[in-house]
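Hi,

Here is the structure I promised to pass on to you. Have a look at it first, and then read my notes below.

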Amino acid sequence: MRFLTLGSGICLCGVLLFSCGAEESPIQEGPTQISLEKPDYFPAEQPMPAANPLTEEGVRLGRMLFYEKKLSKDGTISCASCHQQEKGFSDGLRVSPGVGGAQGTMNAMSLANLHWQTRFFWNGRSVTLEEQAIIPIEDPMEMNLPIQEAISRLQNDSDYPKLFSAAFGTEEVTAERIGKALAQFERTLISANSKFDRWIRGEVELTPEEQLGLELFFTHPEPSIQLRGGNCGDCHLGFLTAGDPNGFSGFHNNGLDPDERLKSGLQSVTGNDFDRGKFKAPGLRNIALTAPYMHDGRFSSLEEVLDHYNDHIQNSETLDVLILEASNEPQNPNDPVKLHLSEQDKKAIIAFLNTLTDQEFVTNPKFSNPFK
């Protein structure tokens, strides 16, 4: 012990002598990198973009921009106008109104667990969160503000230049940095404390009806062996209950319309006739809070959604084979496409879907409006 004390004293003297004989180097300050807080059962292979690491300062700025009405032409709406926290970051409307009451054509998608997605919007036209975040600002049907005007407004604000400096090292506001900050905040919108999550972690038990619903949800039916299934998990995969993030494989024609009424969907991006009527399979976290449903908001309830898959599938050239071949009863090739769920089956699936509601997520102050 005496030896350790002596050694420490020698080291301390050396430090003091060095400090007296040379000018100390200034401490370099910069954004504080943080890790994404996620459960270990979420996929681990999706890396954080090297050009946009997650930082405390970037997330703080992104949260402010998400709720910032200056980013709309007339200062009346923000990203949060169409993506409201209490509604699972959707808005409860069939289609969302933009500046001046302009009406879009698509339902506002809910936002959760976005880090594990690689295509954005219903038709997949954006390949990064950073790119996706900018598009609604300029879209005439949404916020309708030229990006240069958005930059000017933020640059001339009394607070934002300092916030951009803290997040990115300089006070200069650019479109790229706006997108990066918004993307950082959106990546933190992780929903992982629903009853389903607590069941995964072994903290709670599901009711018998919820358990039946879970089994039906993740089972592809096979009537030849009397295996009943709801066929949901074929498109809404795994613990995330979201479409496959790999390229365009998470896009499906789910039988909403016959050939003559199909909208372009993914085809508008790829130009491929094979993609006609295909839309993104969204994540189903907090689905009970995010009505209405489908890309055009045509269904007002989960009951209507299940009725569609059970009895009202419209056949077409690009109908997804996972739906075409799914039935709980034997079918002939010329039979209408029907899932043949019982009323008990449908109630059980809806009971399971309700276990995906994460009250902590929709009330978390970290995601709330910072201007209130």
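**What I found**

The lining of the second largest cavity divides into three nonpolar, five polar and three charged residues. For these classes, Ala, Val, Leu, Ile, Met, Phe, Trp, Tyr, Cys and Pro count as nonpolar, Asp, Glu, Lys and Arg as charged, and the others, Gly among them, as polar. Before going on, note that this is a predicted model: local features need pLDDT of at least 70, side-chain atom pairs count only at pLDDT 80 or more, and totals for chains, interfaces and linings use all residues. Residues are numbered from 1 along each chain as its sequence is written, and side-chain values use heavy atoms, with hydrogens and water left out.

**Cavities**

Back to that second largest cavity: it holds about 70 Å³ of space. Among the residues that line it are Gln117, Arg119, Asp244, Phe251 and Lys280. A cavity here is a set of points, on a 1 Å grid over the protein atoms alone, where a 1.4 Å probe fits but cannot get out; a pocket is an open set with protein on both sides within 12 Å along at least five of seven lines; and lining residues have an atom within 4 Å of a point. Grid points are joined across faces, edges and corners, and a volume is the space filled by probe spheres set on the points.

How many cavities of 30 Å³ or more does a search of the whole structure find? The search finds three. The largest cavity has about 700 Å³ of space. Its lining has 41 residues, and His236, Leu284, Met294, Val305 and Tyr309 lie nearest the centre. By class, that lining has 28 nonpolar, ten polar and three charged residues. Strand S2 (279-280) and the helices H11 (302-311), H12 (321-324) and H13 (343-354) each supply at least two lining residues, and H11 gives the most, with four. Helices (H or I, at least four residues) and strands (E, at least two) are DSSP runs, numbered from the N terminus.

**Pockets**

The largest pocket has about 830 Å³ of space. It is lined by 41 residues, with His83, Asn107, Ala108, Met109 and Phe121 nearest its centre. H4 brings the largest share of this lining, four residues. The classes here are 22 nonpolar, 13 polar and six charged residues.

The second largest pocket has a volume of about 590 Å³. Of its 22 lining residues, Glu37, Thr188, Asn364, Lys366 and Phe367 lie nearest the centre. H2 and H14 are the elements that give two or more residues to this lining, and the largest share, four residues, comes from H2. By class, this lining has ten nonpolar, four polar and eight charged residues.

**Helices and cores**

Eight of its eleven residues are buried (under 20% relative accessible area; exposed is over 50%, partly exposed in between, with a 1.4 Å probe and protein chains only). Among those buried residues are Glu57, Val59, Leu61, Leu65 and Phe66. What covers them includes H3, H5, H6 and H7.

Now try H5 (residues 147-155): which of its residues are buried? They are Ile147, Ala150, Ile151 and Leu154. These four cover an arc of only 100° around the axis, which puts them on the same side of H5; the arc is that of the directions from the helix axis to the C-beta atoms. The buried residues of H5 pack against H2 (56-66), H4 (129-138), H6 (160-168) and H7 (175-187).

The largest nonpolar core has 50 residues, of which Leu65, Phe66, Ile137 and Ile178 touch the most other members. Such a core is a set of buried Ala, Val, Leu, Ile, Met, Phe, Trp, Tyr and Cys residues joined through side-chain atoms within 4.5 Å. A second, separate core of 24 residues includes Phe196, Leu216, Ala326 and Leu341.

Last, find Gln267 in helix H10 (residues 267-270). Gln267 is buried, with a relative accessible area of 15%. Not counting residues up to four places away in sequence, Gln267 touches Asn272, Asp273, Asp275 and Arg276.

Happy exploring!

Terms used
Contact means heavy atoms within 4.5 Å.
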